[in-house]
Amino acid sequence: MKDRLEFPKAILPQVVEDYFHDQNEKLGLVPEYMRLTCLATIGTLIGNKHVIEVNGGWQERPNLWFAIVGNAGVKKTPSVKAAIRPLEELDQELDRVYRSDMLDYNRKTKKEKESSDKPIPKQFIVDD
């Protein structure tokens, strides 16, 4: 019997697996922790809008629960942070675009503003 289950690697795109492998090689981070973080993130992106109807009308919404368990010093936190780093970088780019769009919007006259939409900030990660 195996000591642990193997994560089914075919679930994630190859580019994601390549990134996790690179982080493992360079920093010694744990691919399983990064994969689990990735799945948890994808699960939150699904949200409650999607419903599966089963058994003649019973509806189920996606509900994923994850826990990363490991002894102190096994790089749980750095692995989780590495897994969400690409989203943080996308958020930084979205923020740059929003700020630039707002500068352009604020330079418009009142009449020009009435005929255009005010930029809306976008982001992937929300935290406190």
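The paragraphs below go through salt bridges one by one.

The model shown here is predicted, and it holds 5 salt bridges. Behind such contacts stands a simple idea, namely that side chains of opposite charge can pair when their charged atoms come close.

One of these pairs is formed by E17 and R35, whose closest N and O atoms are 2.9 Å apart.

Another salt bridge is found where the side chains of K26 and D22 meet, with 3.4 Å from N to O. Here both residues lie in helix α1, 4 residues apart, which is about one turn of the helix. K26 is exposed, with a relative accessible area of 62%, whereas D22, with 28%, is partly exposed.

In helix α3, which covers residues 76-107, D95 and R99 are likewise 4 residues apart, so that about one helical turn separates them. These two residues also form a salt bridge, and their closest N and O atoms are 2.8 Å apart. D95 has a relative accessible area of 32% and is therefore partly exposed, while R99, with a relative accessible area of 54%, is exposed, since the cut-off for exposed is over 50%.

Key. Residues numbered from 1 in each chain as written. Predicted model: local features only at pLDDT ≥ 70, side-chain atom pairs only at ≥ 80, totals over all residues. Heavy atoms only, no water. Salt bridge = Lys/Arg side-chain N within 4 Å of Asp/Glu carboxyl O. Helix = DSSP H or I, 4+ residues; strand = E, 2+ residues; numbered from the N terminus. Buried < 20%, exposed > 50% of the residue type's maximum accessible area, 1.4 Å probe, protein only.
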